[in-house]
Amino acid sequence: MRRFLVLFMVLIAHRAVAQRADSAATARRLIRGAAAALQLGDTAAAADSVQAAARAWPVQSSYWLAAARWNALAGRHDAALVALTTLRTLGGGWRADDPRLATLAHDPRFVALPPDRAIVRSRVVVTLPDADFHPEGVAWDPRTQRLFVGSVHRGTVVMVAADSVVTPFIAAGSGGLRAVFGVLVDTTRNLLWISSADIPERDGGESSPRAPPAVYAFSLATGSMVRRWAFPEDGRGHLIGELTLAPDGTVWGSDSESAALYRVPVTESGTVLERLPLTHPDWGSLQGLAFSADGRTAWLADWTTGLYRIDLQTAVVTPVTTPAGITALGIDGLYRVGNAHFLAVQNGIAPHRIVAIDLDERGTTVRALRTLDHPPGDGEPTLGVVTPSGFLFVAGALWPFYDGEGRLSPGQPRPRGEIRLLPWR
């Protein structure tokens, strides 16, 4: 039961966000009630709370999956099957071997509602030797064919050579470095950009007082720190999960805690990140950011509310419309690979998947969303990088394996972090 509780809490509550006002706040409160019921061993009460949360925020597929799981564990097959059917209409799914759905195995209605066939087109190119490394971000240097992988748990960065040999590159604590999230290669300036924050999941736990989050620049040649940029002192929590290089060469980051966009200042003397005058009332947990080729438009993924188009000339932010049967929730990494064509790592639904997203000419409506890959294993896919040979992405992130205090559960088998390649053909 403890393992189920950990997986449930990470899937639903790991990323604390502010959602669409009242309905989302109600859903979060109900999820907290479900967690409390599980701690008391009351599966039926937990199922009731999760079911109510799904109804309060019906567009979130992960809530419906949780409702199916906990109703199944409580022996409520009818409610579990309704939740699975709703999940399918939202474009989500489930794993055929999910142990939380095992009680449904002999129900003919469940047998008649099979999950989508898993598609596995990616292959492993690197398996990280440290089982507790917890990779999150990956960057690629096209000149040297080197990969750089950042660690949430260790707070380090390793380098993967062209022959797949893994060696340390940036040590824990360098310049105040904490958990490493986004990593970005900048060949023009010969820099490796890193976003870092102090969180309980870091090896050794959260500092007291909490170390401030920041964006760093390290030398690609030596791994030595070049410069550090802090957040404005505004009393808010901040965490940039991914960094993106804009067409004009500036470095941008999306803040998943304060729901804002930041840019590294272009001035030589600036040491504080620039908060940009771009916002939307539905922003809550900002993730991947992708620019048009001319830099006039950007698209932003909010893990909890979907995709947004940003007109950078007028600062107008427009939600991207998704037709029935398609969900753009739960997107972590977002990457433009054509005029209106994107790749996305969608780890907020089950099973996790890499998808291709096609937008209309205005970039405000999803025309199609196609599953390209279901990365296998119990870890999460997170961020990636586009290369000439294909899409390289992190798989096996350990988010589902921490307890409620940010500790890796002792004695629990865990997947090793991997870098996988989804080839273009």
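A residue counts as partly exposed when its relative accessible area falls between the buried range, under 20%, and the exposed range, over 50%. Glu206, at a relative accessible area of 37%, is therefore partly exposed. The structure is a predicted model. It holds 10 aromatic pairs, and a search of the whole of it finds 19 salt bridges.

**Open sheet β18 to β21**

- An open sheet is built from 4 strands in the order β18-β19-β20-β21, with antiparallel pairing.
- The edges of this sheet are β18 and β21 (366–373); each has a single partner strand, so one side of each lacks a neighbour in the sheet.
- From one strand to the next, the twist averages 25°.
- Between β18 and β19 there are 4 bridges, in the antiparallel sense.
- Tyr335 has Leu343 in β19 as its bridge partner.
- Tyr335 also belongs to one aromatic cluster, together with Phe391 and Phe393.
- Strands of a sheet are held in pairs by backbone hydrogen bonds, and the pairing may be parallel or antiparallel.

- Strand β6 (residues 179–186) is mostly covered, with 8 of its 8 residues buried.
- The partner of β6 is strand β7 (residues 191–197), which it meets in the antiparallel sense over 6 bridges.
- Within this pairing, Val180 is opposite Ser196 in β7.
- The two strands β6 and β7 make a hairpin with 4 residues between them.
- Asn190, in the turn of that hairpin, has a positive phi of about 55°.

**Aromatic pairs**

- Trp399 has a relative accessible area of 4% and is buried.
- Tyr402 is buried too, with a relative accessible area of 2%.

**Salt bridges**

- Oppositely charged side chains can pair when their charged atoms come close.
- Arg146 and Asp141 form a salt bridge in which the closest N and O atoms are 3.4 Å apart.
- Arg146 and Asp141 are both buried.
- Arg210 bridges to Glu206, with the closest N and O atoms 3.5 Å apart.
- Arg210 has 37% relative accessibility and so counts as partly exposed, and Glu206 is likewise partly exposed, with a relative accessible area of 37%.
- In the salt bridge of Arg407 with Asp403, the closest N and O atoms are 3.0 Å apart.
- Arg407 counts as exposed at 51% relative accessibility, the cut-off being over 50%.
- Asp403, at 15% relative accessibility, counts as buried because the limit for that class is under 20%.
- A network of salt bridges links Arg69, Asp98 and Arg100.

- Val337, Val386 and Trp424 make up a nonpolar patch on the surface, and together they have about 230 Å² of accessible area.
- Val337 is located in the loop between β18 (331–336) and β19 (341–346).
- The relative accessible area of Val337 is 33%, so this residue is partly exposed.
- Arg425 lies in the segment after β24 (418–423).
- With 88% relative accessibility, Arg425 counts as exposed.
- Arg425 and Ser389 are 36 residues apart along the chain, and their C-alpha atoms are separated by 8.9 Å.

Methods:
Residues numbered from 1 in each chain as written. Predicted model: local features only at pLDDT ≥ 70, side-chain atom pairs only at ≥ 80, totals over all residues. Heavy atoms only, no water. Patch = residues over 30% accessible without salt bridge, like charges linked within 9 Å, V, L, I, M, F, W, Y side chains within 5 Å. Areas by Shrake-Rupley, 256 points an atom, 1.4 Å probe, with all protein chains shown as cover. Salt bridge = Lys/Arg side-chain N within 4 Å of Asp/Glu carboxyl O. Buried < 20%, exposed > 50% of the residue type's maximum accessible area, 1.4 Å probe, protein only. Phe/Tyr/Trp six-rings, centres within 6.5 Å; stacked < 30°, edge-to-face > 60°. Pairing = 2+ DSSP bridges. Axes fitted to C-alpha atoms, helices over the stretch in contact; angles between N-to-C directions.
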